[in-house]
Amino acid sequence: MKKTIFILAVLSFVFFSNDTFARTNVTGWYIKDFQSEIVVNKDSTLLIMEKITADCGNASGKHGIFRILPTVLRTTGKTISMPIELVSITDFSGKKLQYSTQTDYTNKTLTWKIGDPNVTVTGENDYLITYKVKNVINFDNPKFDELYWNLNGNFWDLEADNFSGKIIFPKEVTKNNAQVDYYIGALNSKGKEGASYEWVADNILQFKADKTLLVGEGITASITFPKNIFMPYAPTFTEKYALYLWLIIPLIAFIVSFKFWEKYGKDPASKKTIIAEFDIPEKLSPLELGTLYTNGNLKTEFITAAIVNLAVKKLIQIEEVEKTGFLSFGKDYKLIVINKDKSIELSVAEQSLYEAIFEGKEEVLFSLAQK
């Protein structure tokens with residue numbers, strides 16, 4: 001008899017207890033425990049705190065988990081925007097955890113990728129996520145208002161062995177004036193088997209999963225209550241006109257850029273033709289320019305031009321001299337020093353040429369190259 005009672009007790013514990021055994025030989029993420037506390041505010045917002053214990057065993061290459069939330073509520077013929085404001089992401093001790101935020105504008109979801117991408121984790125890890133969801137209460141029905149909310153979310157790609165969700169209403173909403181309905185399963189499922197609820201206080205409703213929630217399964221609560229308890233949510237200026245702001249910003253950027261160009265970048269108006277004026281580069285002498293032009297090849301005509309330039313600077317005078325003697329024809333040139341003013345600027349090349357020609361003399365006879 002005692003043996004039979006013991007076996008029945010064991011079977012009862014296995015099949016009817018809400019607690020689950022810890023898994024063994026874990027090779028990937030699963031949620032060991034998920035507890036959600038939802039405070040329903042009179043301004044149609046929810047303050048949600050989620051305590052999640054996730055286990056990845058000895059699996060390698062694991063960094064953290066993803067928490068995905070919908071940013072809209074789709075009802076019959078209507079899409080309601082539900083802005084989400086993150087309060088904090090920590091572990092159970094309050095230590096801040098690293099995360100990144102991703103917004104999917106196509107599927108209307110918000111994702112927090114929790115974990116350090118440079119650090120891998122093993123075993124059990126705990127996450128405490130606190131956030132605020134706005135514009136949640138539905139006022140469309142003329143007879144009652146409604147809270148319609150998925151308590152754990154249908155976007156998990158992990159199984160959850162244990163889930164409980166507590167909803168705390170204002171004191172005006174009680175078990176006596178509220179009607180409770182719920183659904184469990186994949187998105188749009190209407191099943192009820194596998195979940196239960198109870199009022200643990202006059203204004204506190206608690207849901208539990210009576211089984212492991214599989215990938216993509218969630219518990220959605222629908223609670224209706226009398227009207228005139230909650231106020232419709234008043235969106236902020238940014239939330240109301242965010243789309244228009246994104247359209248206006250490029251226009252504002254164009255106007256500002258145009259004004260800067262008009263003030264600083266626009267060429268001044270002119271009716272006259274502007275003629276370019278050129279000067280000797282870096283004040284180089286004819287001798288230096290010629291040598292530069294021929295890549296260092298010194299030619300006789302460059303020396304001739306340099307001598308003429310000395311005359312231009314009024315350092316010397318060039319005189320023609322008739323050649324004399326049998327078979328002589330043509331002309332020579334006499335170079336005469338007429339100015340010894342050392343303030344006259346000469347380049348190094350010109351100074352060297354000047355000294356090489358005169359060698360301390362006052363005049364020399366010179367034959368200029370004929371090209």
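**Reading the strands, spaces and charges**

Guide: An open sheet is built from 4 strands in the order β10-β11-β16-β13, with antiparallel pairing. Its edge strands are β10 (137–138) and β13 (179–185), each of which pairs on one side only. Please keep in mind that this is a predicted model, in which local features need pLDDT of at least 70 and side-chain atom pairs count only at pLDDT 80 or more, while totals for chains, interfaces and linings use all residues. Residues are numbered from 1 along each chain as its sequence is written, and side-chain values use heavy atoms, with hydrogens and water left out.

Visitor: What counts as a strand here, and when do two strands pair?

Guide: Strands (E, at least two residues) and helices (H or I, at least four) are DSSP runs numbered from the N terminus, and two strands pair if DSSP finds at least two bridges between them. In this structure, strand β11 (residues 145–150) is joined by 6 bridges to strand β16 (residues 218–225), and the two run antiparallel. Along that pairing, Asn150 stands opposite Thr220 in β16.

Visitor: Which strands does β8 pair with?

Guide: Strand β8 is joined to β3 by 6 bridges, the two running antiparallel, and Pro70 stands opposite Thr109 in β8. Strand β7 (residues 99–104) also pairs with β8 in the antiparallel sense, over 6 bridges, and here Thr103 stands opposite Leu110 in β8. The hairpin of β7 and β8 has 4 residues between the strands, and in this hairpin Lys108 takes a positive phi near 60°.

Visitor: Is strand β8 mostly covered or mostly open?

Guide: The general idea is that a residue is called buried under 20% relative accessible area, exposed over 50%, and partly exposed in between (1.4 Å probe, protein chains only). Strand β8 (residues 109–114) is mostly covered, since 5 of its 6 residues are buried.

Visitor: How should I read the spaces, and which residues line the largest cavity?

Guide: On a 1 Å grid over the protein atoms alone, a cavity is a set of points where a 1.4 Å probe fits but cannot get out, whereas a pocket is an open set with protein on both sides within 12 Å along at least five of seven lines; lining residues have an atom within 4 Å of a point. Grid points are joined across faces, edges and corners, and a volume is the space filled by probe spheres set on the points. The structure holds 1 cavity of 30 Å³ or more, and the largest cavity has about 40 Å³ of space. Its lining is made by Ile31, Asn152, Trp156, Leu158, Glu159, Ala160, Leu213, Leu214 and Glu217.

Visitor: What is the volume of the second largest pocket, and which residues are closest to its centre?

Guide: The second largest pocket has a volume of about 650 Å³. It is lined by 26 residues, of which Leu73, Tyr148, Asn154, Leu187 and Asn188 are the closest to its centre. At least two residues of this lining come from each of β3 (65–70), β4 (72–75), β11, β13 and β16.

Visitor: Now the charges: how many salt bridges are there?

Guide: Side chains of opposite charge can pair when their charged atoms come close. A salt bridge is a side-chain nitrogen of Lys or Arg within 4 Å of a carboxyl oxygen of Asp or Glu, and by this rule the count comes to 14. In one of them, the side chains of Glu159 and Arg23 meet at 2.9 Å, N to O. This pair links distant parts of the chain, with Glu159 in the loop between β11 and β12 and Arg23 in the loop between α1 (2–16) and β1 (30–40), 136 residues apart.

Visitor: Which residues are linked with Arg23 in a network of salt bridges?

Guide: Arg23, Glu159 and Asp161 are linked in such a network. Arg23 also forms a salt bridge with Asp161, and their closest N and O atoms are 2.6 Å apart. Because Arg23 lies in the loop between α1 and β1 and Asp161 in the loop between β11 and β12, the pair ties together parts that are 138 residues apart in sequence.
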